[in-house]
Amino acid sequence: MRNRRLKKPVVYCLYALGFVMLLGTLYLIESFMPTNSFNGVDDDYVNETIFDSEIPVINTVDIIIRPYVAKDVKIVKNYYDYKDEAGKQEQSLLFFENTYLQNSGVSYGKEEIFEVISILDGTVTKVTDDKTLGKIVEVTHSNDMISIYQSLSEVNVVENQEIKQGMIIGKSGTCNLEKDLNNHLHFELIVKGLVVNPENYYDKKVSEI
């Protein structure tokens, strides 16, 4: 038998028919796909899956901050450190009623009254008004830490109140123990039962202490 060849117009027609069938198949497949596929994601879908269903990323690392945010606040009396040289130790002494006392904290001063804030989240465990030390607020924090704010002229918290880091505790003031310092905040930090120099703990993670 003789082999028969298809004429060119017929071949072209078959190619065209096959191409049309392919396009039709692709169209049918696409019609069954969800409308919010990668090629057409609408805003509602994005907002729901990324922002509504997921917990926002929050910095949960506790870092100790300074007890004030005002500018130009300076150290007016340093913490008394037994390891310091004699000259620096002498500058860290308090003179009260003819007696020299070792400064157990750091006194921060500024000409104008400034707001005093909590260095970490915690619970207010004591609020007192002392004739010698002025108004005092004590806050207990995690990891066996206690912060003490003295010489306050105003107190904005009460005992047993849960407070957040950066919350205003009160305002700077004066006290009879450090009259010569005028307006200031006397700040003390106790870590695991020991009175420490606060300047060595700012910007540190609580987990590192």
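Predicted model: local features only at pLDDT ≥ 70, side-chain atom pairs only at ≥ 80, totals over all residues.
Residues are numbered from 1 along each chain as its sequence is written, and side-chain values use heavy atoms, with hydrogens and water left out.

Asn143 sits in the loop between strand 7 (134-141) and strand 8; helices (H or I, at least four residues) and strands (E, at least two) are DSSP runs, numbered from the N terminus. If we set aside the neighbours within four places in sequence, Asn143 is in contact with Lys192, Val206 and Ile209, contact meaning heavy atoms within 4.5 Å. Asn143 and Ile209 are 66 residues apart along the chain, and yet their C-alpha atoms are separated by 7.8 Å.

Let me step back to the whole chain. It has three helices and 12 strands, and of its 209 residues, 30% count as buried. Among contacts between residues at least 6 apart in sequence, 64% join residues at least 24 apart.

How far does the predictor's confidence reach? The mean pLDDT of the chain is 80, and 69% of its residues reach 70 or more, pLDDT being the predictor's confidence in each residue, from 0 to 100. Where is confidence lowest, and where is it highest? The lowest mean, 43, belongs to helix 2 (residues 43-52), and the highest, 98, to strand 5 (residues 115-117). Over residues 36-59 pLDDT stays under 50, and for this stretch the model has nine contacts beyond four places in sequence.

I would now like to turn to strand 11, which covers residues 184-191. Is this strand buried or exposed? Strand 11 is mostly covered, since eight of its eight residues are buried. In a regular strand the side chains alternate between the two faces of the sheet. Here both faces are covered, with His184, His186, Glu188 and Ile190 buried on one side, and Leu185, Phe187, Leu189 and Val191 buried on the other.

Which strands pair with strand 11, if two strands pair when DSSP finds at least two bridges between them? Strand 4 (residues 106-109) pairs with strand 11 in the antiparallel sense over four bridges, and there the bridge partner of Ser107 is His186. Strand 8 also pairs with strand 11 in the antiparallel sense, over six bridges, with Ser147 standing opposite Leu189. Strand 12 is a further antiparallel partner of strand 11, over three bridges, and in that pairing Ile190 stands opposite Val195.

Strand 11 and strand 12 form a hairpin with two residues between the strands, and in this hairpin Lys192 takes a positive phi near 50 degrees, a positive value in a residue other than glycine. Lys192, one of the contacts of Asn143, counts as partly exposed because its relative accessibility is 43%. A second residue of this kind is Asn160, which has a positive phi of about 70 degrees although it is not a glycine. Asn160 is found in the loop between strand 8 and strand 9 (162-163), and it counts as exposed because its relative accessibility is 63%.

Strand 10 (residues 168-172) brings in strand 5 again, for the two pair in the antiparallel sense over three bridges, and Val116 stands opposite Gly170. Strand 8 (residues 145-155) is joined to strand 10 by three bridges, also antiparallel, and Leu152 has Ser172 as its bridge partner.

Finally, the pocket. On a 1 Å grid over the protein atoms alone, a pocket is an open set of points where a 1.4 Å probe fits, with protein on both sides within 12 Å along at least five of seven lines, and lining residues have an atom within 4 Å of a point. The largest pocket has a volume of about 230 Å³, a volume being the space filled by probe spheres set on the points.

Definitions and conventions: Pairing = 2+ DSSP bridges. Buried < 20%, exposed > 50% of the residue type's maximum accessible area, 1.4 Å probe, protein only.
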